[in-house]
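Here is a friendly tour of a ligand site and of the space inside the protein around it. Have the model open as you read.

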Amino acid sequence: MKICVLGAGVIGLTTAWCLAEAGHDVIIVDRHASTAKGASAANGGQLSYAFVAPLASPATLKKLPSLLLSPDAPMRIRAGLDPALISWGARFLLACRPAAVRETVAAQLALAALSRSELARLTQNLMLSFGLRTAGKLVVFRSKREFDAARRAVMPTGEDGGQQVLTPTECLGLEPALRLDAGKLAGGIFTASEQVGDCAAFCAGLTFRLRRQRNVEWVLGTEVVGPVRSSGRLVAVDTGQGPVQADHFVLCMGAASGAFAKACGFYLPIYPLKGYSITLSPAPEARLLRHSVTDMERKLVFAPLVRDGHTPVRVAGIADLESDTQIDPRRVEILRRASAELLGIDTAGDVEPWCGLRPMTPDSRPIIGWSPLDGLFINSGHGMLGWTLACGSARLTADMIDRKRSVAPAGAFALCRAA
Ligand SMILES: Cc1cc2nc3c(=O)[nH]c(=O)nc-3n(C[C@H](O)[C@H](O)[C@H](O)COP(=O)(O)OP(=O)(O)OC[C@H]3O[C@@H](n4cnc5c(N)ncnc54)[C@H](O)[C@@H]3O)c2cc1C
């Protein structure tokens, strides 16, 4: 079959690989001249297989007023009374119910496990090099209430070491690069099996491999303008370079997926959640960050990457419900200040500020499945965990298109569960 993948971020590229591997002819279309220029360009680098907490939760709901009102808060709404945001917000509130959160966590953990094994398979088979390593992840909590809730959900020790609950002193002993006052921490949870890797380097390696596939064609630097239908079926997409035809289409346009769905005549609850990152080069004498760290209160992540023999630290976070991609220096300043405070790193020089739009669904679960428009499959809406969930989502997509049984619970990601 000829399958057109719309979007060449980490989701589109992994999808294209799985479809090409299954023997399909694949066409990849993207508005940028090169791949991974959207949210996949400089994300937090965490491969968070065990810690998949959705944004919608009773804890977020409780903190929402303070989160939204303080100028330094890690969340902000600047979209005004946009009808799409109102509809998304109503679904977000429903997704905060404890039963909905439990359902999301179970589905995400299954998809994350599939992603981990698929990423290992691709990395080995294609000899991809993107600094993948099992650095372990320490999540530190400042609020006792949040810490108590998180420790109740800790996974028992398994083959991979499971999760460990740590006191504040144990947190600082485990990660000496942290310059936090133990008295201000409630505790931490450490997962030894969690990984880190540079998503952009992974995408570059996968692009290189895809370019060598005879059954893969590229239409880059070309905007997808809208759908072309015939007898109620999607038969082509209109682009700046004319129509692109295929038997099936897979929607992987990240935060722009909702607009394309609207042009196709159905509602896709994906809203952009803008985040920021900076990339720091610690001084040679500084204590290197050994594990990836999440500061739960501030919703910030710190990941030790590997790039050209150096070990920069990627600091990422912030969740602004807005759709422009302008860098707001005040939001970057939050990351600079937190890096200086938590890691004692001098952030006066160039910190490579970046922002990207996470494709966010109300319940934080991606949407993977056939759309109401015949011929269009959706693999989008991966929100805060797109790098983590990419390879499993691509496997699930290829299996569903080929009508194979998959190990992930496909129904949990269907569009109708989010309608
Ligand atoms: C600050 C930040 C930190 C993050 N940290 C992590 C992390 O630590 N771990 C993790 O797992 N995830 C993380 N994420 C989330 C992850 O990066 C995203 O979920 C993931 O990159 C989404 O991939 P995507 O391919 O769906 O979207 P994108 O990478 O945005 O790709 C979509 C593609 O579609 C193309 N496109 C859009 N519209 C059109 C059009 N009309 N015509 C043609 N092409 C179009 C774009 O050019 C783009 O290339 C983070 C995200 C951000 C912003």
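## Contacts with the ligand

Start at Val10, where a backbone N or O atom lies 3.3 Å from an oxygen atom of the ligand. A polar contact here is a pair of N or O atoms within 3.5 Å. Ser40 brings a polar side-chain atom to 2.5 Å from a ligand oxygen atom, and an N or O atom in the side chain of Glu223 is 3.2 Å from a ligand nitrogen atom. On its own the ligand has 1000 Å² of accessible area, and the protein covers 96% of that (Shrake-Rupley method, 1.4 Å probe).

A word on the source: this is a predicted model, in which local features need pLDDT of at least 70 and side-chain atom pairs count only at pLDDT 80 or more, while totals for chains, interfaces and linings use all residues. Residues are numbered from 1 along each chain as its sequence is written, and side-chain values use heavy atoms, with hydrogens and water left out.

## The shell around the ligand

There are 36 residues around the ligand, and Asp30, Ser40, Val224, Gly383 and Thr388 come nearest (a residue is near if one of its heavy atoms lies within 4 Å). The shell divides into 15 nonpolar, 17 polar and four charged residues, with Gly counted as polar.

Where does the ligand lie relative to domain 1 and domain 2? Both domain 1 (2-40 + 201-268 + 363-418) and domain 2 (46-79 + 130-197 + 271-360) give residues to the shell, so the ligand lies between them. These bounds come from an automatic or database domain assignment.

Among the lining residues are Ala177, Arg287 and Ile345.

Conventions. Polar contact = N/O pair within 3.5 Å; in protein donor to acceptor, adjacent residues only side chain to side chain. 1 Å grid on protein atoms, 1.4 Å probe; cavity = no way out; pocket = protein on both sides within 12 Å on 5 of 7 lines; lining within 4 Å.
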